[in-house]
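Below is a briefing on one protein model, grouped by topic. The sequence and the structure come before the notes.

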Amino acid sequence: MPASQARAEDLAARLSALGLTTRVEPHATYTSIEAEVPEALPAESWREVLDVVAEADRFGLLASSLTGRSLWAAVDKVVPATGDVRGPGHQR
């Protein structure tokens, strides 16, 4: 499992431990974690939730009267170092 996937799975597990239902989905350049946030989430749990998502590369909260509150976080995939990307014969 790539490190970014493992990191996303860890964040999702920690959010689940706080009572949130999570989804992890790999994308081309990042892995996303989404969680529905219940209206009844205690105020003290918000601090713990924010501590978890702060470890992601990006995060946010979507709120709507139709769909409720949805928390998202993204963990970037690391692009492997390739050395000289210009190839042989193109060095200066």
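Q5 is found in helix α1, where helices (H or I, at least four residues) and strands (E, at least two) are DSSP runs numbered from the N terminus. At 17% relative accessibility, Q5 counts as buried; buried means under 20% relative accessible area, exposed over 50% and partly exposed in between, with a 1.4 Å probe and protein chains only. Leaving aside residues up to four places away in sequence, Q5 touches V24, P26 and T31, a contact being heavy atoms within 4.5 Å.

This is a predicted model, in which local features need pLDDT of at least 70, side-chain atom pairs count only at pLDDT 80 or more, and totals for chains, interfaces and linings use all residues. Residues are numbered from 1 along each chain as its sequence is written, and side-chain values use heavy atoms, with hydrogens and water left out.

**Overall make-up**

- The protein chain has two helices and four strands, in the order α-β-β-α-β-β along the sequence.
- Of its 92 residues, 29% count as buried.
- Among contacts between residues at least 6 apart in sequence, 46% join residues at least 24 apart.
- The protein chain exposes about 6,200 Å², and carbon and sulfur atoms supply 58% of that area; accessible areas come from the Shrake-Rupley method with a 1.4 Å probe, and for residues only the protein chains shown count as cover.

**Strand pairing**

- Strand β2 (residues 30–37) pairs with strand β4 (residues 68–76) in the antiparallel sense over eight bridges; two strands pair if DSSP finds at least two bridges between them.
- In that pairing, A35 stands opposite L71 in β4.
- Strand β3 (residues 58–64) also pairs with β4 in the antiparallel sense, over seven bridges.
- Here A63 stands opposite R69 in β4.
- The link from β3 to β4 is a hairpin through three residues.
- In a regular strand the side chains alternate between the two faces of the sheet.

**Helix α2**

- The buried residues S45, W46, V49, V52 and V53 belong to helix α2 (residues 43–53).
- They lie on the same side of α2 because they cover an arc of only 120° around the axis, the arc being that of the directions from the helix axis to the C-beta atoms.
- An α-helix has 3.6 residues a turn, so residues three or four places apart point the same way.
- A43, E44 and R47 are exposed on the other side of α2.
- The cover over the buried residues of α2 includes α1 (3–17), β2, β3 and β4.

**Rings and charges**

- R58 lies over the face of Y30, at 5.7 Å from the ring centre; a charge sits over a ring if NZ of Lys or CZ of Arg is within 6 Å of the ring centre and within 35 degrees of the ring normal.
- The structure holds zero aromatic pairs; rings of Phe, Tyr and Trp (its six-membered ring) pair if their centres lie within 6.5 Å, with planes under 30 degrees apart counted as stacked, over 60 as edge-to-face and the rest as tilted.

**Other single residues**

- E39 sits in the loop between β2 and α2 and counts as exposed because its relative accessibility is 64%.
- The C-alpha atoms of E39 and R69 are separated by 7.8 Å, with the two residues 30 apart along the chain.
- A13 is found in helix α1 and counts as partly exposed, at 45% relative accessibility.
- The C-alpha atoms of A13 and R23, ten residues apart along the chain, have a separation of 10.0 Å.
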